[in-house]
Amino acid sequence: MARGLGRDFAWLWGAYAVSSLGTWLALDAFPLIAILALHAGAAQVSLIAAAGGAAGALLAVPLGPWMEFRRKRRLMIRADLVRFLTLLTVPVAYAAGALTYAHLLVVAVVVALADIVFVGAGGAHLKALVPRSHLMEANGRFEMVMWTSTAVGPPAGGALIGMLGPVVTVALNAASYLLSALGIRAITAPEPDPPVRRTGISRRAEIAEGWRTIVADRGLRVLFANTVLVSALIMATAPPLTFLMLHDLGLTPLQYGLAFGVPCLGGILGSRISRPLVRRFGQRAMLLTFGVARVPWLVGLTFTGQGPAGLALIMLVEFGLITCMGVFNPVFTTYRLERVEDGKVARVLTAWTITSRTTTATLTAVWGVLAGLAGARAAIAVGAVLLVATAAVLPWRTPSRDAAPALVTTSAD
């Protein structure tokens, strides 16, 4: 898959593939462990997901400058090793009969923090490793791996948990990070020296530099607001949708798995056609077209009924949404890397991730309250309408002349 981009990219791509599969295998592992092994209540189960992500994001706030001025490959390896060792404590404690809810919560926070470090360092490393003309192709291949793992991981993880118990997928996820670290360690291309820290700059100014860079660039500023809102609204409506499908519509666990697994094929399709579409129509056109095309689909979920027709409608809606995301995401990711100066990539990506995760955690809590007051279908409808409205927050204005070259195309083939 990655040979055209060289052996070093193949190692990076393989590392991402194995860790992505491990992550999706263990998608629901912590809630299942909390319920089945620790007898946690619904509020405690929700706290693991919401508090883990939010606390990890808040703790990561000062890490942008710290990462920017260090070698990125070394940081990626260390983030993988931290995730490996931290996750490994869960099956060890479980086997010893010493696993507690507090232990799970701490692990969730540490892993979320390491995730943000890896994302920030990984984006900067990718930009240095891959020529600009091949960034779109590289991001498309990462996107395809992500959707393949999403389609395969949760059903396989559920089967493994059913056969071997609730901690098996956590152990496999831990192992995937060790393999990822080994893959990144195998990259031999010399890494550029990190930027030199300027003297006379306060720590607070360094921390805020990522957000300042985003706000100063019109294209980044608009897409920042758009992608954060779209991601948060989709994730916030997921729990009410799960309740609607399993409780109100009476779908079986198998049907529930199919409803989300099969549409992920659309993500694979979208990631494959994204680069040819950019080559033909240009980056800006694809950002706008699929930025709009990915937002109206959730409206269809408000009309979902029972039986095979309802299941088919859910799968159709998810397929359409995921296909459009499969095209949009690599185009957007490439655009973002192109717009940011080399010495600021880690800080920008860290600021982006922190904002996205805290917004998602906040809106997920709000939509949980809304679903409790008005019902799951009403909560989904509100989210769907707001999601459509995000189409207005796209870079509709013609870019400035100095930014135009980055908006035309990413292919120099």
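This note describes helix packing and salt bridges in a predicted model.

1. Basis of the model. Local features require pLDDT of at least 70 and side-chain atom pairs pLDDT 80 or more, whereas totals for chains, interfaces and linings use all residues. Residues are numbered from 1 along each chain as its sequence is written, and side-chain values use heavy atoms, with hydrogens and water left out.

2. Helix α7 against α8. Helices here are DSSP runs (H or I, at least four residues), numbered from the N terminus. The axes of α7 (residues 135-164) and α8 (residues 168-185) come within 8 Å and cross at roughly 125°; axes are lines fitted to C-alpha atoms over the stretch in contact, and angles run from 0 to 180 degrees between N-to-C directions. The pair is therefore oblique, the term for angles that are not under 35 degrees (roughly parallel), over 145 (roughly antiparallel) or 65 to 115 (roughly perpendicular). Contact (heavy atoms within 4.5 Å) involves G157, L160, I161 and L164 of α7 with V168, T169 and L172 of α8.

3. Residue T169. This residue of helix α8 has 0% relative accessibility and so counts as buried; buried means under 20% relative accessible area, exposed over 50%, and partly exposed in between (1.4 Å probe, protein chains only). Beyond its neighbours within four places in sequence, T169 contacts L25, A26, A29, G157, L160 and I161.

4. Helix α7 against α12. Helix α7 also packs with α12 (residues 264-281), at an angle of about 170° and with the axes 7 Å apart. The two helices are thus roughly antiparallel. Among the contact residues are E137, E143 and W147 of α7 and R272, R275 and V278 of α12.

5. One joins R275 and E137 (3.9 Å, N to O). Because R275 is in α12 and E137 in α7, the pair ties together parts 138 residues apart in sequence. Both residues are buried.

6. Other salt bridges. R347 pairs with E68, with the closest N and O atoms 3.2 Å apart. R347 lies in helix α15 (residues 345-374) and E68 in helix α4 (residues 63-68), so this bridge ties together parts 279 residues apart in sequence. R347 is buried at 10% relative accessibility, as is E68 at 1%. E338 and R132 form another salt bridge, at 4.0 Å; E338 is buried at 9%, whereas R132 is partly exposed at 45%.

Methods
Salt bridge = Lys/Arg side-chain N within 4 Å of Asp/Glu carboxyl O.
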